[in-house]
Every structure is written in structure tokens, then in C-alpha cells.
Amino acid sequence: MNSFNLLKSIADARSRLRKSEQKVADYVLANPNEVIHMRIVDLASEAQVSEPTVVRFCRALDYDGFQDFKLTLAQGLASNASYEQFSLDSKDTVIEFKQKIFDSMIGNLINIRDQLDPGTLEEAIDALAKARRVEFYGFGASAPVCADAQHKFYRLMISAAAYSDPHMQTISALTLGEGDVVVTISQTGRTKDLLHTAKLVQDKGATVITLCPGNTPLADLATIPIHVDVEEDKDLSTLMSSRVVHLVIIDILAVGVAMKLGPALVDHLKTIKRGLRNLRQNDKRLPPMRRLSPDSDGE
């Protein structure tokens, strides 16, 4: 578990802890870099609790003791030191905000990679591979993610469509049934129109897969919830990290479905490559053998 996941698990567990243990949680959340250099007596003193309380706090988070907890925290902070969340400043140069954006994006990708539950992904892949129809619903910045997902799944010989209009989503939802799957994509999990259509899909007996933050109304409607809890600056006009993370998760689902469908799909994809070759102008920078390669698909 990296530091982001550990700190998030502490924040999530805080309400279930005793009041004295909450004092330890609050101090750790506010001072993680200091805690890794402390002895148990130091942490107890700073949090104004007893040493046994610190031990109980660690065990409440499923650690054997303070040293085990501190080691995990230190390892996570060391691995993620360069990928902290950024805050843009009007005085930032291009070099500075370029570095901030890349580092934040990499950090979020690593965090979500470690958070994703393999069992949930396997369940989603299985549902998608067996689906009669797969529809992707999303609004705003999530709409291009839905279009990308449709493109990927359509190439897998799956009947796929993407809708970012509430009227079309409603029509689509009302024509679904058991054996169909809808993937709803949202950066907030609270868009009213998306909640409306997700409920319609649920009522029709189709499977609802959600890509959105956990503990949100949309996640609560899911048959298969894929939680995407990304820390980012909500004041930015375009939420960057969550959109990229959603695209990567769609890639994971598409690859999983392709692997489940087996060798016949490989032949189909090769046929598509050959068919698309005539639509492209030859790249004069490449040697002749490279230009003729069926694996040089750039779509």
C-alpha cells in the first residue's frame, strides 16, 4: 500500500475509531512526513494519547504494531515523493506547470492502479464479454471517454454505442434488458441526468458498470462499481487526471475482453488492420518492409 492509499484508508476509517484513536489519526494525516521519524512515545506525546492507544490505532488499521505501520508509511512516502498533487500559480512558468501536471498525472495513475480491485475488474470484463449490447453514457469531459470506449469495443466485434445526450440515453436505457451492459462514466458521480438514466437501466434489468468516485449516488446504483477516487484541483475548468485515468481503465477492460474472446478475435483485428491500410498514405520515413507490416497500425 502506498502513502496515498494508507492516508486515505486512515481518513475513511476515522469515524469507526475511538475518540482517542481519532487523535492519532488526525495527527498522522496532518504530519505524515514527521511521523516516519518518530518513536511511539513521540507520537503519543504529540497526539496527546497513551502509547497503548497508538498501538490500538495501528491494529485497527490491520497492522501488527507501530513499526509495521511506520514502515508502510515511509515506503509509500519515498515512492510517491515526486508525485504530489499540484496547485497552479499565476507566476508558474511553462516548465513549472508542465512538471506539476505530469507529476500529478503519474501519481494519480499509480494510486488508482493500486486501488483497483482485480476481482471487480474481472467481474466487469466477464459481463462485457458476454453482453448482447454495450452502451457508454457520460456528459461533459466524460463524453470523449465514452466515444473512445465505443471505438475500442466496436473493434472487438461487440455491439457498442456511446451517448452524451440525455434524450438519447433515456431512449437507449428503455430499450435495454437482461444481458445488456451500460458503462456510466462520471468524474463526480453526481450528475442528475446520468443518475436518472442509470436508474432506468437498473429498472430494465441490465447491468450497470460505473467508473466514478466511491461513496457517490452513481456508485450506489452500480451492479459493478469501479471506484475512481482521484485527488485533483476541482477549480480547474477541465478535470485532467480523472479523464486520463478513465481512459486507462477502459483500456484495461478492452484488453481483458479481447483476451477472454480468444484467438478468433485476433484474426478479426488483423482483418481490420488490412482494411484500414488503404486509407493511409505511406510513411516515406519508414523502410518498405516496415510500411507493409500488418502490425504498423497507427489508429
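1. Between which two helices does the loop holding glutamine 48 lie? Glutamine 48 sits in the loop between helix H4 (40–47) and helix H5 (51–60). Its phi is positive, about 60°, although the residue is not a glycine. Glutamine 48 counts as exposed because its relative accessibility is 65%, and exposed means over 50%. Keep in mind that this is a predicted model.

2. Methionine 157 also deserves a look. Its phi is near 65°, a positive value in a residue other than glycine. The residue lies in the loop between H9 and strand E2 (160–163). At 53% relative accessibility, methionine 157 counts as exposed.

3. Now the whole chain. It has 15 helices and five strands. Of its 299 residues, 42% count as buried. Among contacts between residues at least 6 apart in sequence, 66% join residues at least 24 apart. The accessible surface is about 16,400 Å², and carbon and sulfur atoms account for 53% of that.

4. The largest nonpolar core has 34 residues. Those touching the most other members are Leu128, Phe136, Phe153, Ile209, Ile226, Ile249 and Leu253. At least two core residues come from each of these elements: helices H8 (118–130), H9 (143–154) and H13 (240–261), and strands E1 (134–137), E3 (181–185), E4 (207–212) and E5 (224–227).

5. Leaving aside residues up to four places away in sequence, isoleucine 209 touches Ala124, Leu128, Val181, Val182, Val183, Thr184, Ile224 and Ile226.

6. A second core is separate. This core has 24 residues, among them Ala13, Ala47, Cys58 and Phe69.

Terms used. Residues numbered from 1 in each chain as written. Predicted model: local features only at pLDDT ≥ 70, side-chain atom pairs only at ≥ 80, totals over all residues. Heavy atoms only, no water. Core = buried A, V, L, I, M, F, W, Y, C linked by side-chain atoms within 4.5 Å. Buried < 20%, exposed > 50% of the residue type's maximum accessible area, 1.4 Å probe, protein only. Helix = DSSP H or I, 4+ residues; strand = E, 2+ residues; numbered from the N terminus. Contact = heavy atoms within 4.5 Å. Areas by Shrake-Rupley, 256 points an atom, 1.4 Å probe, with all protein chains shown as cover.
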